Amino acid sequence: MARTRQPRASSFKVIYRRTTRRKSAETGFVQLQSEGDAAQLFGFSSDGHVRLRDEQGKVWSGVVDRGEDNLLHYRLRNSEGRYLSGVGTAYLRVFRDDRGHVWRGVVD
């Protein structure tokens, strides 16, 4: 009969913390408009990722996280290194870009 090895008693313990998976960010068509001029961004958001396109055809991509306060936190970047970040509630999204322009929009 073969002997099986018994694991040695360890002097340290591993503590596992249960992580709760939050409900994913909303999915849908995103449309943003700048307050200063009539520039627009439009695209799609799905499973915590967002991909938008502006009027010149530049692609903005990033992530959406749901915060502790149940707000959606957006972080977007384009190929030129410009960034756009903001927060959203169930009805309205408000963003600010790297030049200080304010963008407002909705998700359908």
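The dialogue below treats salt bridges and then a surface patch.

Reply: This is a predicted model, in which local features need pLDDT of at least 70 and side-chain atom pairs count only at pLDDT 80 or more, while totals for chains, interfaces and linings use all residues. Residues are numbered from 1 along each chain as its sequence is written, and side-chain values use heavy atoms, without hydrogens and water.

Me: How many salt bridges does the structure hold?

Reply: A salt bridge is a side-chain nitrogen of Lys or Arg within 4 Å of a carboxyl oxygen of Asp or Glu. The structure holds five. One of them joins Glu80 to Lys58, with the closest N and O atoms 3.5 Å apart. Glu80 lies in the loop between β5 and β6 and Lys58 in the loop between β3 and β4, so the pair ties together parts 22 residues apart in sequence.

Me: Which residues form the nonpolar patch on the surface?

Reply: Patches are made of residues with over 30% relative accessible area and no salt bridge; like charges are joined within 9 Å, nonpolar side chains (Val, Leu, Ile, Met, Phe, Trp, Tyr) within 5 Å. Here the patch consists of Phe29, Phe42 and Phe44, together with about 270 Å² of accessible area (Shrake-Rupley method, 1.4 Å probe; for residues, only the protein chains shown count as cover). Phe29 is partly exposed at 35%.

Terms used. Buried < 20%, exposed > 50% of the residue type's maximum accessible area, 1.4 Å probe, protein only. Helix = DSSP H or I, 4+ residues; strand = E, 2+ residues; numbered from the N terminus.
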